[in-house]
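Work through these exercises with the model open. Each has a task, then a solution in steps.

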Amino acid sequence: MNYIVEICTGSYEDCIAAAKGGAKRVELNSALSVGGLTASLAVLKRVKKETDLKVICMVRPRAAGFCYGEEEYLIMLEEAALLLDHGADGIAFGFLHADATVNVEYTNQMTERIHSYQKEAVFHRAFDVTKDPIQSIEQLIACKVDRVLTSGQCAKAIQGIDLIRELQIRYGKQIEILAGSGVNANNVKELFSKTGINQVHSSCKSFKEDPTTFYHQVSYAYLPAPHEREYDIVDEQLVQQLVQEVKELKKEMDLEK
């Protein structure tokens, strides 16, 4: 089986760390502190020019949930087209109604836009706040979405392992299941072996200090103690450790054949 490690990135530097760590695919965002917003076009262009990474770009206009008005939606379509025009290998997105069901109309149109470029349509963890995961995944399949990122509707993927396994067993031949949230070198083998999936999504997060984060009575800190002066980054070593664990699992699986 071909196992895939996707790294969640929020900057050019993050993408370079992911590539040096051995990852082959990234999800590129901005503003990871609020769950990831629409990716930077300038970062995308540089990453595609300087690496061989497969880059899935986030299209998300704001923080909080995924119930968007028409104008937000139209702008998201335009953002997707711009990113695809400049080399994105796919788009991560999610559209919900106020009742926590999939907005099929918007999902269909975004998927068609992405597929017109022969690129990948990825429904992100908006899936994890849907009312009914079975109905939702069947709707995504009907919309011809290529992949869904999920933690199994739990805070961490390891906690949602039962639902992830069920989705893989029932629907894995119709849509790719990508497990994310809290994935690391310590639990990736368990996730793969207990679910049957072949790909994971991880932030491999570490922290870096910016000494100008607060001074006098003014603060731009967003992380709690002890990281008040820091921001999160992708840690190359953590990527290496995760990739190495996945390589070892592949060797074990090959020997069992």
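This is a predicted model: local features need pLDDT of at least 70, side-chain atom pairs count only at pLDDT 80 or more; totals for chains, interfaces and linings use all residues.

**Exercise 1. Cysteines**

Which cysteine sulfur is closest to the sulfur of Cys154, and how far away is it?

- Step 1. The closest cysteine sulfur to that of Cys154 sits in Cys8, 19 Å away. A disulfide needs the two sulfur atoms within 2.5 Å, so this pair is too far apart for a bond.
- Step 2. Check accessibility. Cys143 is buried, at 3% relative accessibility. Cys154 is partly exposed, at 28%.

**Exercise 2. Asn187**

Solution. 
- Step 1. Asn187 lies in the loop between strand S7 (176-180) and helix H7 (188-195).
- Step 2. Its relative accessibility is 10%. Buried means under 20%, so Asn187 counts as buried.
- Step 3. A polar atom of the Asn187 side chain lies 3.0 Å from the backbone nitrogen of Asn184.
- Step 4. Leave out neighbours within four places in sequence. Asn187 then contacts Ile158 and Gly182.

**Exercise 3. The core**

Which residues of the largest nonpolar core touch the most other members?

Solution. 
- Step 1. This core has 69 residues; Ile7, Ile91 and Phe123 touch the most other members.
- Step 2. Helix H3 (residues 70-85) supplies the largest share of this core, six residues.
- Step 3. Take Ile91. Beyond four places in sequence, its contacts include Ile56, Val59, Leu83, Leu84 and Ile114.

Notes
Residues are numbered from 1 along each chain as its sequence is written. Side-chain values use heavy atoms; hydrogens and water are left out. Helices (H or I, at least four residues) and strands (E, at least two) are DSSP runs, numbered from the N terminus. Buried means under 20% relative accessible area, exposed over 50%, partly exposed in between (1.4 Å probe, protein chains only). A polar contact is a pair of N or O atoms within 3.5 Å; within protein, one must be able to donate a hydrogen and the other to accept it, and residues adjacent in sequence count only if both atoms are side-chain atoms. Contact means heavy atoms within 4.5 Å. A nonpolar core is a set of buried Ala, Val, Leu, Ile, Met, Phe, Trp, Tyr and Cys residues joined through side-chain atoms within 4.5 Å.
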